[in-house]
Amino acid sequence: MRAQLTTRLGSATLALAALALGAFAFVAHAATPNEKIDPAADAKAFRDYFVTKFPKVKLDDFVNGPYSMNADMRKQWEAIEQFPPYDFALDEGKAMLSKPFKNGKTYADCFANGGIGIRQNYPYFDEKEGKVVTLELAINRCREANGEAPLKYTKDKMAALTAYMAYTSRGKLMDIKIPNDPRALAAYENGKRYFYTRRGQLNFSCASCHVQNPGRHIRAETLAPALGILNAMPIYRSKWGALGTISRRFTSCNKQVRGVPLKPQSEDYRDLEYYLSYVSNGLPISGPSSRP
Amino acid sequence: MTTDNGFWATRRLVLQGAGLVALAGFGNIAFEAAPAQAAVSDKYPAKAFTLKGDDTAIKALYGKTVEVSDKVSLDAPEIAENGAVVPISATTTLPNVTSISFMVSENPNALAAYYRIPEGTMPEVANRLKMAKTTKVTAIVEAGGKLYSATKEVKVTIGGCGG
Amino acid sequence: MASTIRVRAVSSGEVTEVQALIQHPMDSGYVKDSHGKIIPPHYIQQLTFEHSGKNVLVANWGPAVSKDPYIKFSFKGAKKGDDLKISWVDNKGQTDSTTAKIH
């Protein structure tokens with residue numbers, strides 16, 4: 001049963017309703033072997049699509065999700081960000097970063113610059129292993145390499161630590177690299193494929209909401225634009241009363257379209273993060289951030 | 001195993017940190033007067049916090065009537081992004097303000113917060129409140145012994161009581 | 001244990017603006033956990049701000065105040081370097097307090 005997107009148009013989104021839906025400026029299908037995968041062209045087309053669709057939104061502001069397109073919501077968000085509820089988690093993350101593991105080593109032994117100001121480089125393609133490594137995955141690998149149990153990917157300590165690391169990168173521009181390696185290009189392309197593939201009982205793709213309908217409502221939520229959507233992660237949602245990671249949001253989005261979520265950090269999720277982060281290159285890191 | 005129904009405050013003495021001692025009796029909390037100067041003892045208006053509907057809460061808290069005043073400014077969103085955390089603030093140009101309270105009409109209990117404003121403190125306060133559903137929100141300012149209010153309607157699509 | 005109270009107190013001229021964020025569940029008693037059992041009410045009832053032995057604000061809260069509650073207010077009569085003492089007590093009789101410097 002194909003569900004329909006309910007659209008409630010507030011005055012702030014009335015102008016957007018006039019825009020035609022679904023006109024993509026670029027080809028949204030997986031490249032055939034004879035087609036050249038061109039991430040740079042993708043990223044430019046992706047950015048151009050949003051900038052054209054929302055001419056009043058400053059490029060950097062896209063990272064603020066629904067707040068970039070709804071003044072009433074923005075005012076509430078600014079009030080909350082004056083003294084945000086994730087303040088406590090930031091302190092927790094900072095303490096985690098400097099606390100030695102049982103073997104005496106710290107995260108600084110795994111991360112460049114001690115883990116400070118490096119978030120914008122994640123995910124990256126690990127050419128030795130031939131896979132995409134996200135920040136969350138890198139954190140648990142660091143722990144396991146030093147004899148510590150891995151953290152749960154979705155919340156609590158993982159959220160606190162990624163929040164602090166994002167915080168130290170605030171303002172730095174997303175800087176994802178795709179090496180000239182067919183495996184890296186294939187991972188990027190797989191992430192793109194996942195993004196545009198419909199799934200779940202509601203038969204939505206990520207694009208259905210975040211490319212076709214940003215700023216509009218789905219039930220009571222206002223949809224964020226896909227451009228820069230990961231730059232604000234992890235997010236403190238009033239709904240959760242807590243911080244949640246990229247893993248948490250990916251799994252919950254899958255559940256929301258009534259699909260079966262993948263395990264956190266599965267290949268498709270890592271590739272999805274790779275694609276989404278790359279096409280948001282050049283936009284500032286704003287995480288952690290409050291959301292409804 | 002008994003469940004801890006917090007409305008029945010336990011009669012436990014808890015010592016923490018700076019050594020503040022609070023004796024929690026049933027429904028009433030009074031801080032001990034500070035040693036140097038006797039601070040006004042603030043009784044927690046427990047009953048007022050349990051009442052449904054603005055009128056009953058106002059009656060219990062103040063025992064006076066309220067008049068609408070354009071000298072009271074209430075800042076509230078048109079549509080709450082999430083009813084669990086709604087930034088609400090109030091300010092007033094009225095003189096001799098002694099308290100500011102907030103009522104959320106459609107909440108299970110209308111009184112959300114009640115601030116005593118001593119002399120020397122500005123008559124304005126900002127806080128974050130939960131709203132169960134679309135509701136009127138009222139700021140009540142006590143000035144010169146009389147009550148003045150401002151009301152706004154806040155639409156709530158995502159309820160703040162965990163529903 | 002780390003304090004549950006975060007404060008920012010800034011003096012500008014004769015007015016000091018105070019913002020505080022407190023770590024507290026503010027459970028209303030209306031919410032069920034994942035097993036369907038009611039989470040008992042657990043919320044701050046009174047929060048006091050004290051300067052020079054005098055209360056500059058007394059907040060009386062019910063469970064309708066949001067989780068990790070926030071408050072902002074201003075008062076006169078303090079200057080940079082002064083102490084501001086903040087204390088709270090909740091419905092279970094638990095307490096916390098801290099002293100912050102006014103900047």
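Hi everyone, let's start with one pair of residues: Phe102(B) sits opposite Ala139(B), which belongs to strand S10 of chain B. Before going further, a word on the model: it is predicted, so to speak of local features we need pLDDT of at least 70, side-chain atom pairs count only at pLDDT 80 or more, and totals for chains, interfaces and linings use all residues. Residues are numbered from 1 along each chain as its sequence is written, while chains are lettered from A and ligands numbered from 1 in the order in which they are written.

Back to chain B. Strands here are DSSP runs of E with at least two residues, helices are runs of H or I with at least four, and both are numbered from the N terminus. S10(B) covers residues 135–143 and runs antiparallel to S7(B), with 7 bridges joining them. Strands count as paired if DSSP finds at least two bridges between them. S7(B) also pairs with S8(B), residues 111–116, again in the antiparallel sense, over 5 bridges. In that pairing Ile100(B) stands opposite Tyr115(B), and a hairpin through 6 residues joins the two strands, S7(B) and S8(B).

So how enclosed is S7(B)? Of the 8 residues in this strand, 97–104, 7 are buried, so the rest of the structure largely encloses it. Buried means that 20 or more other C-beta atoms lie within 10 Å of the residue's own; 12 or fewer means exposed, in between is partly exposed, and C-beta atoms are placed from the backbone.

Now over to chain A and helix H10, residues 267–278. Its 12 residues reach 16 Å from first C-alpha to last, close to the 16 Å expected at 1.5 Å a residue; the expected span is 1.5 Å times one less than the number of residues. H10(A) is mostly covered, with 10 of its 12 residues buried, among them Tyr269(A), Arg270(A) and Asp271(A). The cover includes helices H2, H5, H7 and H9 of chain A, along with strand S2.

Last stop, chain C. It has 7 strands and 0 helices, and its C-alpha atoms fill a box of roughly 55 × 20 × 20 Å along the principal axes. Of its 103 residues, 52% are buried. Where does it meet chain A? There, 6 residues of chain A are in contact with 7 of chain C, contact meaning C-beta atoms, placed from the backbone, within 7 Å. Thanks, all!

Note on methods: Two residues are in contact if their C-beta atoms, placed from the backbone, lie within 7 Å.
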